[in-house]
Amino acid sequence: MGLGVSVGLPLGALPGMLLPLAFATTLTSFIFSLLLYAKALVAPASALAPGGNSGNSMYDFFLGRELNPRLGSFDFKYFCELRPGLIGWVC
């Protein structure tokens, strides 16, 4: 935010773009959720959450199959849950 203000971006226009931003965020989240669910379908049984393999795909999708989804050393749970919250508190 500080960088945007320093280069003169019109941050006051963001409230007027609420609907497009909300739509883009929802679409991105849905696609990301589908990709993580597909990744969890091929994950080994040791990586699955205890309640995440019920056999009901709808329940497993919303509960979450994989306990700590990672791609190499990149932790998706940390990136999607912890990091935005901390950045939000700073802003």
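Modeller: Let's go with E66: leaving out residues up to four places away in sequence, E66 touches K39, A40, A43, A47, L48 and A49 (contact means heavy atoms within 4.5 Å). Keep in mind that this is a predicted model, where local features need pLDDT of at least 70, side-chain atom pairs count only at pLDDT 80 or more, and totals for chains, interfaces and linings use all residues. Residues are numbered from 1 along each chain as its sequence is written, and side-chain values use heavy atoms, with hydrogens and water left out.

E66 sits in the loop between α3 (57-63) and β1 (70-71). With a relative accessible area of 15%, E66 is buried (under 20%, using a 1.4 Å probe and protein chains only). One of its contacts, K39, also makes a polar contact of 3.1 Å with E66, side chain to side chain (N or O atoms within 3.5 Å, one able to donate a hydrogen and the other to accept it).

The largest one has a volume of about 640 Å³, and 24 residues line it, with F32, S33, L36, C80 and E81 nearest its centre. Two or more lining residues come from each of α2 (18-41), α3 and α4 (76-90). α2 gives the most, 8 residues. By class, the lining has 12 nonpolar, 7 polar and 5 charged residues.

One last thing: an unreviewed UniProt entry places a "transmembrane region" at residues 17-38. That stretch is 95% helix and 0% strand in the model, with end C-alpha atoms 32 Å apart.

Terms used:
Helix = DSSP H or I, 4+ residues; strand = E, 2+ residues; numbered from the N terminus. Buried < 20%, exposed > 50% of the residue type's maximum accessible area, 1.4 Å probe, protein only. 1 Å grid on protein atoms, 1.4 Å probe; cavity = no way out; pocket = protein on both sides within 12 Å on 5 of 7 lines; lining within 4 Å. Points joined across faces, edges and corners; volume = space filled by probe spheres on them. Nonpolar A, V, L, I, M, F, W, Y, C, P; charged D, E, K, R; others polar. UniProt positions renumbered as here; feature names shortened; annotations may be inferred.
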